[in-house]
Amino acid sequence: GVATVGLFDSGGEISAVDLSFVKSHSDLFTPVKSRIKASEAGGGRWAPKLFKLKEISLGEGRVVKGIFVLAYDFGVLREALGAQTSVLLGYNFLSRFQWDLDFTTPDAPKWSARLRQ
């Protein structure tokens with residue numbers, strides 16, 4: 001029931017959520033582990049928190065329940081991601097759908113997604 005802005009992170013194994021979004025919508029998240037070891041694309045180590053997201057919906061019945069998400073402060077990434085972005089959708093979410101992406105009109109891209117059976 002909460003609308004937010006998200007981006008596809010096709011290189012991310014697991015989805016991520018800005019820690020401030022988790023804190024302001026804590027009823028949507030179940031803590032799994034307070035800190036886990038992770039590595040970034042450049043090989044650096046960091047310690048995000050792990051949560052289970054109750055559900056995420058793209059609308060029109062396209063709902064995924066119970067996926068794991070990393071939570072950390074997007075901080076300096078906000079400038080690159082956009083100030084309103086609170087979710088990065090990784091492989092654990094993206095792989096649940098069959099996607100059709102149409103970028104032939106850059107000012108008005110279109111997409112559709114069907115749940116995989």
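Searching the whole structure turns up 5 salt bridges, a salt bridge being a side-chain nitrogen of Lys or Arg within 4 Å of a carboxyl oxygen of Asp or Glu. Please keep in mind that this is a predicted model, in which local features need pLDDT of at least 70 and side-chain atom pairs count only at pLDDT 80 or more, while totals for chains, interfaces and linings use all residues. Residues are numbered from 1 along each chain as its sequence is written, and side-chain values use heavy atoms, with hydrogens and water left out.

Let me begin with Arg78 and Asp18, whose side chains meet in a salt bridge at 2.8 Å, N to O. Arg78 lies in helix H2 and Asp18 in strand S2, so this pair ties together parts that are 60 residues apart in sequence; helices (H or I, at least four residues) and strands (E, at least two) are DSSP runs, numbered from the N terminus. Asp18 counts as buried because its relative accessibility is 3%, whereas Arg78, at 28%, counts as partly exposed; buried means under 20% relative accessible area, exposed over 50%, and partly exposed in between, with a 1.4 Å probe and protein chains only.

What about Arg62 and Glu60, whose side chains also meet in a salt bridge? Their N to O distance is 3.9 Å, and Arg62 counts as buried at 11% relative accessibility, while Glu60 counts as exposed at 76%.
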